[in-house]
Amino acid sequence: MITVVGAGTGTPVPPDVLAGAALVVGGQRHLDAAPVPEGAARVVLGPLAPALDAIGECVAGERPVVVLASGDPGFFGIVRVLAERFGAGLLDVRPGVSSVAGAFARLGLTWDDAVVVSAHGRDLRTAVNVCRARPKVAVLTGPGSGPAELGARLDGTGRVLVVVSALGDPERERVERVTPAEAAARDWGMTVSVVLCLAEARPAEGPRTVAGPDAGPARWALAEGEFAHRDSMITKFEVRALALARLGPRLGDLVWDVGAGSGSVAVECARFGAAVTAVEKTEDGAGRVRANARAHGVEVSVVHGTAPGALAGLDEPDAVFVGGGGRDLPTVVGVCAERARRTVVVAVAALDRVGPVRAALTRAGLSCDGVLLQSSRLAPLPGDVTRLAAGNPVFLLWGDRLPARSEGGVQ
């Protein structure tokens with residue numbers, strides 16, 4: 001039997017758990033704090049392979065093993081690795097208080113509505129995108145993905161970071177509320193347990209039934225009337241529906257909406273949980289995007305500028321929607337296609353733009369496909385009868401990157 005004990009967040013390891021153990025595995029601080037029997041071998045957790053090999057030898061010899069882990073070892077912890085190597089049936093897991101639960105408890109906050117994302121040994125971009133999109137996030141940090149790196153990527157987003165260091169240590173534990181800029185300017189060392197990323201103005205917390213992030217929207221491809229727009233300059237819902245299907249926005253993604261107009265695509269992507277940056281060249285258009293985002297209760301970062309120049313300082317997107325038109329459309333599409341990790345979707349009204357846009361997608365190494373969308377909506381006539389009102393045809397083109405560059409979803 002391998003007994004896995006959660007420790008290190010203020011919960012001591014019971015001596016009877018360690019009694020009779022042939023091998024005790026854990027971080028140095030856990031081994032120093034626990035009453036390890038004199039006859040037991042010790043392995044300090046660092047690289048996993050030596051520890052797993054030592055555990056394997058004890059398992060083969062039917063000798064008991066105790067593994068000391070931080071907090072709840074089944075929550076982004078060592079239980080997954082042990083179960084894969086030795087089978088879940090050999091594990092006796094005794095969880096402690098997870099670092100996430102402990103951190104929220106220090107602030108007196110509930111966390112059934114929080115999103116938890118690990119940046120430990122993972123690309124920080126996923127955690128950053130989740131923090132941009134959601135008002136209450138806990139980030140498990142790691143070397144190279146700590147408060148400083150997180151703060152540098154979140155400056156200007158209206159977020160507050162709560163850095164909880166050495167959680168459970170009565171002498172060294174610290175809970176510090178800082179701005180992203182302040183976090184970026186500090187050297188935090190290696191003792192951070194968890195970082196809470198909170199929107200400065202969070203929605204009221206009501207009773208919940210399902211923990212974690214809100215479920216996806218109950219409906220999408222919303223009617224044009226649900227957005228403020230100018231002179232019907234908005235992506236029609238039929239086009240938006242297919243665009244959303246091809247973009248595939250999800251929690252952990254970053255989506256660009258270039259030539260955003262009213263921001264209808266940006267808002268819909270944000271409703272699916274993606275972090276979204278909308279680029280709009282007109283000042284009144286940028287204002288409408290912000291107003292539509294507020295009206296639908298989502299976060300959209302708005303850049304007032306003209307593409308492709310306005311794209312230069314933006315983080316690399318997973319998916320891009322390009323709307324609008326103009327002679328520079330193929331150039332804009334080409335820049336987006338070079339930077340997109342997964343997909344670029346382009347709405348084109350003019351027939352003579354289709355060829356250059358398609359060429360821009362393929363030159364960047366994306367596959368290319370598309371359709372001509374022609375729809376007619378039901379429209380009333382006098383006498384309680386109905387006619388079909390034809391809308392303007394729109395070409396929707398999309399390019400997909402090979403799977404090798406499409407990682408980045410929530411781990």
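## Overall architecture

A residue is called buried under 20% relative accessible area, exposed over 50%, and partly exposed in between. At 30% relative accessibility, Arg153 therefore counts as partly exposed. The model discussed here is predicted.

The chain has 411 residues, of which 48% count as buried. Its secondary structure comprises 13 helices and 19 strands. Taken along the principal axes, the C-alpha atoms fill a box of roughly 90 × 50 × 40 Å. Of the contacts between residues at least 6 apart in sequence, 65% join residues at least 24 apart.

## The α6–α7 helix pair

Helix α6 covers residues 124-133 and helix α7 covers residues 147-154. Two packed helices are described by the angle between their axes and the distance between the axes. Here the axes come within 10 Å and cross at roughly 50°. The two helices are therefore oblique to each other. The crossing of α6 past α7 is right-handed.

On the α6 side, the contact is made by Leu124, Arg125, Val128, Cys131 and Arg132. Their counterparts in α7 are Glu149, Leu150, Arg153 and Leu154. By class, this contact has 5 nonpolar and 4 charged residues, with no polar ones.

## Salt bridges across the sequence

The structure holds 22 salt bridges. One of the residues in the helix contact, Arg153, forms a salt bridge with Asp315, with the closest N and O atoms 3.6 Å apart. Arg153 is in helix α7, while Asp315 is in the loop between β13 (301-304) and β14 (319-322). The pair links distant parts of the chain, 162 residues apart. Asp315 is partly exposed, with a relative accessible area of 26%.

A second salt bridge joins Arg342 and Asp253, whose closest N and O atoms are 3.0 Å apart. Arg342 lies in the loop between α12 (329-339) and β15 (343-348), and Asp253 in the loop between α9 (237-247) and β11 (254-258), so this pair ties together parts 89 residues apart in sequence. Both Arg342 and Asp253 are buried.

Asp284 and Arg288 meet through their side chains in a salt bridge of 3.4 Å, N to O. Both are in helix α11 (residues 283-295), and because they are 4 residues apart they are separated by about one helical turn. Asp284 has 43% relative accessibility and counts as partly exposed.

Salt bridges that share partners also join Arg125, Glu316, Asp318 and Arg341 into one network. Arg125 is also among the α6 residues that meet α7.

## Two buried threonines in strands

Thr3 is found in strand β1 (residues 2-7). Its relative accessible area is 11%, so Thr3 is buried. Not counting residues up to four places away in sequence, Thr3 touches Val17, Val65, Val66, Val67, Asp92 and Arg94.

Thr277 lies in strand β12 (residues 275-280). With a relative accessible area of 9%, Thr277 is buried. Leaving aside neighbours within four places in sequence, Thr277 is in contact with Leu254, Val255, Trp256, Asp257, Ser301, Val303 and Leu314.

## Glu238 in helix α9

Glu238 is found in helix α9. At 23% relative accessibility, Glu238 counts as partly exposed. Apart from neighbours within four places in sequence, Glu238 is in contact with Leu373, Ser375 and Arg377. Glu238 and Ala215 are 23 residues apart in sequence and 23 Å apart in space, C-alpha to C-alpha.

A cis peptide bond joins Ala307 and Pro308, with omega about 10°. Pro308 is in the loop between β13 and β14, the loop that also holds Asp315.

Glu62 is not a glycine, but has a positive phi of about 55°. Glu62 is found in the loop between α3 (48-60) and β4 (65-70), and is exposed, with a relative accessible area of 74%. Asp231, also not a glycine, has a positive phi of about 50°. The place of Asp231 is in the loop between β10 (192-199) and α9. Asp231 is exposed, with a relative accessible area of 63%.

Note on methods:
Residues numbered from 1 in each chain as written. Predicted model: local features only at pLDDT ≥ 70, side-chain atom pairs only at ≥ 80, totals over all residues. Heavy atoms only, no water. Axes fitted to C-alpha atoms, helices over the stretch in contact; angles between N-to-C directions. Parallel < 35°, antiparallel > 145°, perpendicular 65-115°, else oblique. Left-handed = near helix turned anticlockwise from the far one by under 90°. Contact = heavy atoms within 4.5 Å. Nonpolar A, V, L, I, M, F, W, Y, C, P; charged D, E, K, R; others polar. Salt bridge = Lys/Arg side-chain N within 4 Å of Asp/Glu carboxyl O. Buried < 20%, exposed > 50% of the residue type's maximum accessible area, 1.4 Å probe, protein only.
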